[in-house]
Amino acid sequence: MAHNLAEAYRTAAKENQALLAEVGLQFYQLADTCNLYAADGGHPSEAGSRLAAATIAVVIQTHKENKS
């Protein structure tokens, strides 16, 4: 399911010429090494929120640099 959802996000971003920050992929890759979820298991922990923000920031910064 996660793979299909990620592919749908990629397709939507491409079709709409939008930036895509693959936060879910980052969570998936680091889930075994970091506590990325809050106690409820559905929302991000502070570490997860920081990871999401950093991932989004990198995408925006890279896009800005490539436009220059």
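Predicted model: local features only at pLDDT ≥ 70, side-chain atom pairs only at ≥ 80, totals over all residues.
How many aromatic pairs does the structure hold?

1. Aromatic pairing. The structure holds 1 aromatic pair. Its members are Phe 27 and Tyr 37, whose ring centres lie 5.4 Å apart; the planes meet at 70 degrees, so the arrangement is edge-to-face. The pair joins distant parts of the chain, with Phe 27 in helix 2 and Tyr 37 in the loop between helix 2 and helix 3, 10 residues apart.

2. Tyr 37, at 37%, is partly exposed.

3. Ser 45. This residue lies in the loop between helix 2 (23-30) and helix 3 (46-67). Ser 45 is buried, because its relative accessible area is 13%, and buried means under 20%. Leaving aside residues up to four places away in sequence, Ser 45 touches Asn 35, Leu 36, Tyr 37 and Ala 38.

4. Helix 1. The 14 residues of helix 1 (residues 2-15) should span 20 Å at 1.5 Å a residue. The C-alpha atoms at the ends of helix 1 are 20 Å apart, which agrees with that expectation. Helix 1 is followed by Gln 17, which has a positive phi, near 50 degrees.

Key. Residues numbered from 1 in each chain as written. Heavy atoms only, no water. Helix = DSSP H or I, 4+ residues; strand = E, 2+ residues; numbered from the N terminus. Buried < 20%, exposed > 50% of the residue type's maximum accessible area, 1.4 Å probe, protein only. Contact = heavy atoms within 4.5 Å. Phe/Tyr/Trp six-rings, centres within 6.5 Å; stacked < 30°, edge-to-face > 60°. Expected span 1.5 Å × (residues − 1).
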